[in-house]
Structures are given as C-alpha cells and as structure tokens.
Amino acid sequence: MTSEGASQVDGFDTSWKFVRVVERRPDGFVEFQFAIGDPDVFVEMIMSSGAFAEFCELNEVTMLEPSAPHGSSDWDWNLHDAVHRRFKDS
C-alpha cells in the first residue's frame, strides 16, 4: 500500500477530520461532534475551550456548520438533546 493509500480504505479517507460545535457553555466547556472520514458518523465530545482549540489545531479539522434541530422521532436525538431537552424532567 502506498503512503497515499494508507489513509484510504474503499473511498473512506481517514485524513479528513470534521468538527461541529453543538454548544459553547457558560462554564467554559465546548460540546462538539468529531468525525473522521464521514461527517455523518461522529462521536460527541466535551472539552474546555483551551483543550478544544488545541484538539482542533492538532487534528487539522474542517469546521462544519451547526446542524438543524432534531425531529421528534424517538430515534432522532443526540446526547446534547437528551441532557437538555428529552429527559430533563424525567
């Protein structure tokens, strides 16, 4: 495998890294989604503002626009929604 092909597997390029900020919290933390290769497959993370800036710089991320609000389906939610909306008073 060539060095160029080392980061690609069947069209999935692991050198592409994406961040979508979900919320910049008043306590100084940043909630965000981090994806490698495909911005639709992500993990949800939280870091202090300084750590977040360093993380983005080290990973050379592409910043994505905020996503549209999630629908009302029982399966259409993320961790941020769960904490702040869906299960807040349960």
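**A tour from strand pair to cavity**

Select strands E3 (17-24) and E4 (29-36); E3 and E4 pair in the antiparallel sense over seven bridges. Strands here are DSSP runs (E, at least two residues), numbered from the N terminus, and pairing needs at least two DSSP bridges. This is a predicted model: local features need pLDDT of at least 70, side-chain atom pairs count only at pLDDT 80 or more, and totals for chains, interfaces and linings use all residues. Residues are numbered from 1 along each chain as its sequence is written, and side-chain values use heavy atoms, leaving out hydrogens and water.

Next, pick Phe18; its bridge partner in E4 is Ala35. Go to the turn of this hairpin, where four residues separate E3 and E4 and Gly28 has a positive phi of about 95°.

Val30 has Met47 as its bridge partner in E5. Five residues lie between the strands of the E4 and E5 hairpin, and Gly37 takes a positive phi near 85°.

Stay on E4. Six of its eight residues are buried, so E4 is largely enclosed by the rest of the structure. Buried means under 20% relative accessible area, with a 1.4 Å probe and protein chains only.

Click Phe32. Leaving aside neighbours within four places in sequence, its contacts (heavy atoms within 4.5 Å) include Val19, Met47, Phe52 and Phe55.

Finish with Phe18, Val19, Arg20, Gln33, Phe34, Ala35, Pro39, Phe42 and Leu64, which line the largest cavity. By class, this lining has seven nonpolar, one polar and one charged residues.

Note on methods: 1 Å grid on protein atoms, 1.4 Å probe; cavity = no way out; pocket = protein on both sides within 12 Å on 5 of 7 lines; lining within 4 Å. Nonpolar A, V, L, I, M, F, W, Y, C, P; charged D, E, K, R; others polar. Buried < 20%, exposed > 50% of the residue type's maximum accessible area, 1.4 Å probe, protein only.
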